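Open the model in your viewer and keep the selection panel handy. We will go from stop to stop, picking a few residues each time.

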Amino acid sequence: MYIAMNRFKIAVGREQEFIDIWRNRDSQLHTVDGFESFRLVQGERNETYTLMASHVIWRDKAAFDAWLKSDAFKQAHANAGKSRPEGLYLGPPQFEGFNSVL
């Protein structure tokens with residue numbers, strides 16, 4: 001199993017806007033071999049931002065790497081830069097990848 005996460009810093013008070021963007025986007029994940037599950041999770045909040053993360057479980061790293069090279073990935077991210085409302089994201093997402101060891 002491989003877990004791919006993107007961590008986002010979201011401006012305080014705009015969490016629901018961020019959630020709605022993810023709820024309404026066509027990620028194409030369900031069409032890709034090796035995709036197992038997706039979650040959007042909300043973490044700690046401070047005076048500046050709320051930590052959010054997309055959490056995707058893949059069969060293995062090879063399936064994730066194939067996703068990155070797929071047409072489905074290109075379609076899912078075609079308008080990513082254009083669909084970011086100003087001030088919602090406090091910096092770019094931070095990617096973290098994990099191989100299951102137990």
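Which residues does Ala72 touch, not counting residues up to four places away in sequence? Select Ala72 and you will find Ser27, Gln28, Thr31, Val32 and Trp67, where contact means heavy atoms within 4.5 Å. Before going on, note that this is a predicted model, in which local features need pLDDT of at least 70, side-chain atom pairs count only at pLDDT 80 or more, and totals for chains, interfaces and linings use all residues. Residues are numbered from 1 along each chain as its sequence is written, and side-chain values use heavy atoms, with hydrogens and water left out.

**Stop 1: around Ala72**

Ala72 sits in helix α3; helices (H or I, at least four residues) and strands (E, at least two) are DSSP runs, numbered from the N terminus. With a relative accessible area of 11%, Ala72 is buried. Here buried means under 20% relative accessible area, exposed over 50%, and partly exposed in between (1.4 Å probe, protein chains only). Next, click Val32: leaving aside neighbours within four places in sequence, Val32 is in contact with Trp58, Trp67 and Ala72.

**Stop 2: the nonpolar cores**

Now select Tyr2, Ala4, Leu29, Val32, Val56, Trp58, Ala63, Phe64, Trp67, Ala72 and Ala76, the 11 residues of the largest nonpolar core. Such a core is a set of buried Ala, Val, Leu, Ile, Met, Phe, Trp, Tyr and Cys residues joined through side-chain atoms within 4.5 Å. At least two of its residues come from each of β1 (2-11), β3 (49-58), α2 (61-68) and α3 (71-76). The largest share, three residues, belongs to α2. For a second, separate core of seven residues, pick out Phe8, Ile10, Phe18 and Leu88, which are among its members.

**Stop 3: helix α2**

Look down the axis of α2, where Ala63, Phe64 and Trp67 are buried. These buried residues line one face of the helix because they fall within an arc of 100°, taken from the directions from the helix axis to the C-beta atoms. Their cover includes β1, β3, α3 and β4 (94-99).

Stay on α2 and show Lys61 and Asp65, which lie four residues apart in the helix, about one turn. They form a salt bridge, with the closest N and O atoms 3.0 Å apart; the criterion is a side-chain nitrogen of Lys or Arg within 4 Å of a carboxyl oxygen of Asp or Glu. Lys61 is partly exposed at 34% relative accessibility, and Asp65 is partly exposed at 25%.

**Stop 4: the sheet**

Switch to a cartoon view to follow the open sheet of four strands, ordered β2-β3-β1-β4 with antiparallel pairing. Two strands pair if DSSP finds at least two bridges between them. At the edges are β2 (35-45) and β4, each pairing on one side only. Eight bridges join β2 to β3. Select Phe38 and look opposite to find Val56 in β3.

**Stop 5: across to helix α1**

Which residue meets Arg45 in a salt bridge? The partner is Glu15, at 3.9 Å from N to O. This pair links distant parts of the chain, with Arg45 in strand β2 and Glu15 in helix α1, 30 residues apart. Are the two ends buried or exposed? Arg45 counts as exposed at 52% relative accessibility, whereas Glu15 is buried at 10%.
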